[in-house]
Amino acid sequence: MKAQAATGQAAAGELAGRVALVAGATRGAGRAMAVELGRAGALVYVTGRTTRERVSEVGRPTETIEQTAELVTAAGGKGIAVPTDHLEPAQVKALIERIDREQGRLDVLVNSVWGGDRLIEFDTRLWDLDLDNALRMFRLGIDTHVITSHFALPLLIRRPGGLVVEVTDGTAAFNRRYRGSLCFDLTKNAPHRIAFGLAAELTEHGGTAVSLTPGFLRSEEMLDHFGVTEETWREAVAQEPHFAIAESPALIGRGVRALAADPERARWTGQSLSSGQLAKEYGFTDTDGSRPDCFGYFEDVVFGGKQATAADYR
């Protein structure tokens, strides 16, 4: 596939006629991926638990799936919000039946369900963890993905060329290092194996499955944590120097859009990918025109001791 414009803007109608489901599209990477698919003309079903009438356990009422659907439509696609708890098989089954009834096809499935950041206890031994929280992470970050794919894949394989994206935290190579909490470590490594297994199962149907991670993500929650906005995010570097390599959610969104539009995407199947890797491969950039290589920075500078700055990896 030819490289896209450096700005990362999608060609008009690039994904026109395609139907996507972004599971877990309320905020952050999920929202950005849905919007970028819409920017290329796709019809995107967006799901999550926080709506204008009800707030999920994450507790962020200002970010809703209705807002995401409106952003998808405003970007040039068509967004359809469907409140869904992806831990409830009956709800997921009903969601897929609705997509089948209304569209008769599914071309892209993005499993981006998470919502477990508040449960992580870094630098805490397994025997000292809150066991209920630890097991809840498994449910939110693993069970949701398996349940969703179980019901969605029969529709996706109806046509050859379907794409499944398992969203996680950290590449397979990066996650060879312990992530500081056993249950978090397990939860974020599982999507790599899910994508690897699905790649094998989808081969005969012409499908592609990958795992995909952002770098240091400037999500709404992370910006709030540092007390900054997307416009003032660089002020947070004084608190956390490594935040200098941070990327906007748009970068991973543009990566998913590039994969969905690539007729040769099967070359990636079964692999662990990052937003920075795809930006380099497809020629798009982040919203500020840079191309941050978060994992290169951490491997070389943070872990490897190389004398360089984040600017050298943008």
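Colleague: What covers the buried residues of α2?

Modeller: The cover includes α1, β2 (43-48) and β3 (78-83). The model is a predicted one, in which local features need pLDDT of at least 70 and side-chain atom pairs count only at pLDDT 80 or more, while totals for chains, interfaces and linings use all residues. Residues are numbered from 1 along each chain as its sequence is written, and side-chain values use heavy atoms, with hydrogens and water left out.

Colleague: What makes α2 a helix, and which of its residues are buried?

Modeller: Helices are DSSP runs of H or I with at least four residues, strands are runs of E with at least two, and both are numbered from the N terminus. Helix α2 spans residues 65-75, and its buried residues are Ile65, Glu66, Thr68, Ala69, Val72 and Ala75. Just after α2, Gly76 has a positive phi of about 125°.

Colleague: Why does Glu63 count as buried?

Modeller: Buried means under 20% relative accessible area, exposed means over 50%, and partly exposed is in between, using a 1.4 Å probe and protein chains only. Glu63 has 5% relative accessibility, so Glu63 counts as buried. Its place is in the loop between β2 and α2.

Colleague: Which residues is Glu63 in contact with?

Modeller: Contact means heavy atoms within 4.5 Å. Leaving aside neighbours within four places in sequence, Glu63 is in contact with Thr26, Arg27, Arg31, Thr50 and Glu220.

Colleague: Why is Asp123 called exposed?

Modeller: The relative accessible area of Asp123 is 74%, so Asp123 is exposed. Asp123 lies in the loop between β4 (108-111) and α4 (131-156). Its phi is near 55°, a positive value in a residue other than glycine. Most residues other than glycine have a negative phi.

Colleague: How do you know whether Ile194 is buried or exposed?

Modeller: Its relative accessible area is 17%, so Ile194 is buried. Ile194 is in helix α5 (residues 182-202). Apart from neighbours within four places in sequence, Ile194 is in contact with His145, Val146 and Glu166.

Colleague: Why are α1 and α7 called oblique to each other?

Modeller: Axes are lines fitted to C-alpha atoms, for helices over the stretch in contact, and angles run from 0 to 180 degrees between N-to-C directions. Angles under 35 degrees count as roughly parallel, over 145 as roughly antiparallel, 65 to 115 as roughly perpendicular, and the rest as oblique. Helix α1 (residues 28-39) and α7 pack at about 45°, with axes 7 Å apart. The two helices are therefore oblique to each other.

Colleague: Why are α7 and α8 oblique to each other?

Modeller: The axes of α7 (residues 249-261) and α8 (residues 275-282) cross at roughly 55° and come within 9 Å. α7 and α8 are therefore oblique. α7 passes α8 in a left-handed crossing, the term used if the near helix is turned anticlockwise from the far one by less than a right angle, with right-handed used if clockwise.

Colleague: Which residues of α7 and α8 meet?

Modeller: Leu251, Ile252, Gly255, Ala258 and Leu259 in α7 meet Ser275, Gly276, Leu278, Ala279 and Tyr282 in α8. By class, this contact of α7 with α8 has 7 nonpolar, 3 polar and no charged residues. Nonpolar here means Ala, Val, Leu, Ile, Met, Phe, Trp, Tyr, Cys and Pro, charged means Asp, Glu, Lys and Arg, and the others, Gly among them, are polar.

Colleague: Why are α3 and α4 called roughly parallel?

Modeller: Helix α3 (residues 89-103) and α4 pack at about 20°, with axes 9 Å apart. α3 and α4 are therefore roughly parallel to each other. α3 passes α4 in a right-handed crossing.

Colleague: What makes a set of residues a nonpolar core?

Modeller: The residues must be buried Ala, Val, Leu, Ile, Met, Phe, Trp, Tyr or Cys, joined through side-chain atoms within 4.5 Å. The largest nonpolar core has 37 residues, and those with the most contacts inside it are Leu37, Val44, Val110, Val165, Leu259 and Leu278. α7 gives the most to this core, with 7 residues. A second, separate core of 23 residues includes Leu43, Leu106, Leu153 and Ala209.
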